[in-house]
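Work through the exercises below with the structure open. Each one gives a task and then a solution in steps.

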Amino acid sequence: MGELDPTFIQEPEHRPKPAVIEAHGIPEIDLSPYITSSSSSPNAIHDLVDEIRDACKDWGFFQVINHGVPIEIREKVQSVAKRFFDQSLEEKKKVKRDEANPLGYYDTEHTKNVRDWKEVFDFMVDDPVVMPASYDDDDDGGTVEYTNQWPHHPSELREVCEEYVKEVQKLSNKLLELISLSLNLPANRLEPFFKDQTTFIRLNHYPPCLAPDLALGVGRHKDAGVLTILAQDDVGGLEVKRKIDGEWIFVKPTPNAFIINVGDIIQVWSNDTYESVEHRVRVNSIRERFSIPYFVNPAPYTVVEPLAELTNERNPARYKGYNWGKFFATRKLSNFKKLNVENIQIYHFKKPDEGKIEDVVTRVENVVI
Ligand SMILES: O=C(O)CCC(=O)C(=O)O
Ligand SMILES: [Fe+2]
């Protein structure tokens, strides 16, 4: 490959800095009191919940160890992902996504309208899922069916991925319980939102890049869903925006740990007690990198709004409710092709402190045109 295609070039203020800042990384939390040990004292669980609360407040990100997901299963999925991406583009494109069904392979994702230096393979936990076709407030936008597209090669990809999902699903349920407890809610408070979940998994491949100072593997963004459970390899590249000073902090790979971050939906449910934090991925010119985010998402018909228990007269709801399926469909479309407007964000649903209510519908329509 010669010169970097201009579609990958970030604006100067968003380019990665030459020096990586590693100091005072995100908290590392040992989940054994809640997951691997059957007889933990109430005190140990109480301390763990406190750690989760602090991490969600201070960073929006943390790493977990002793999380219960067997290392062999993680290694298997990492190895099959590499074998999938090692194939020719022609082979990978046999399962390529399109505008109607965003699941499968693609290498043209845009984040904030700049192309990412990566290729991905997406699949959902529940298959198929019926989604709204786009954001349309009148509900007559129609529906589309998202279905997994499994490749013929490597032939074991599907089985290995499904095995991985089974294990990470258990971790996801435990994390949702701990987060509920950390918000002083009953452990099972969030469970009903996931009856028809839209959780999906992404296999990410970031090839070496000839201009890692100009492009990003994933541009700066916040995750739109509830939680992300990320497995990264030993190459590293994820950077998190530190809340206290806005500095980009490199997340040093810890073998076999998962990186957890709260997404936009937790921000809304918690009425801004927790914040979904910006992050991005830098690439390098030497080593390819693989990562596997597991995006925990609720049922498509969920109306996302601050939980009633977390609002009161003194702390009124800061967001208007929005339909998750429509939000998701709109975001997926804007990631698929370059648009001339900003894609849909939760702050479009933020209630003004006082005065004029923003015209959300007009903004959303601008996005999908
Ligand atoms: O690859 C990574 O480390 C993170 C990827 C990410 O943030 C995403 O896909 O939303
Ligand atoms: Fe992300």
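## The shell around ligand 1

Strand S16 gives the most to the shell around ligand 1, with four residues. The model used in these exercises is predicted.

**Exercise 1.** Find which elements give two or more residues to the shell around ligand 1.

Solution. 
- Step 1: List the residues around the ligand, which are Asn204, Tyr206, His221, Asp223, Leu230, Leu238, His279, Val281, Arg289, Ser291, Pro293 and Phe295.

**Exercise 2.** Sort the shell around ligand 1 into nonpolar, polar and charged residues.

Solution. 
- Step 1: Take the listed residues, among them Leu230, Ser291 and Arg289.

**Exercise 3.** Give the distances from oxygen atoms of ligand 1 to side-chain N or O atoms of His221, His279 and Arg289.

Solution. 
- Step 1: For His221 the distance is 3.0 Å.
- Step 2: For His279 the distance is 3.1 Å.
- Step 3: For Arg289 the distance is 2.8 Å.

**Exercise 4.** How much of the accessible area of ligand 1 does the protein cover?

Solution. 
- Step 1: On its own, the ligand has 300 Å² of accessible area.
- Step 2: The protein covers 96% of that area.
- Step 3: Turn to the space taken by ligand 1, which is the largest cavity.

**Exercise 5.** Describe the span that UniProt labels "domain: Fe2OG dioxygenase".

Solution. 
- Step 1: The unreviewed UniProt entry places this feature at residues 197–298.
- Step 2: The span is 6% helix and 39% strand.
- Step 3: Its end C-alpha atoms lie 5 Å apart.

How values were computed
Residues numbered from 1 in each chain as written. Chains lettered and ligands numbered in written order. Predicted model: local features only at pLDDT ≥ 70, side-chain atom pairs only at ≥ 80, totals over all residues. Heavy atoms only, no water. UniProt positions renumbered as here; feature names shortened; annotations may be inferred. Near = heavy atom within 4 Å. Polar contact = N/O pair within 3.5 Å; in protein donor to acceptor, adjacent residues only side chain to side chain. Areas by Shrake-Rupley, 256 points an atom, 1.4 Å probe, with all protein chains shown as cover. 1 Å grid on protein atoms, 1.4 Å probe; cavity = no way out; pocket = protein on both sides within 12 Å on 5 of 7 lines; lining within 4 Å. Sits in = over half its atoms within 2 Å of the grid points. Nonpolar A, V, L, I, M, F, W, Y, C, P; charged D, E, K, R; others polar.
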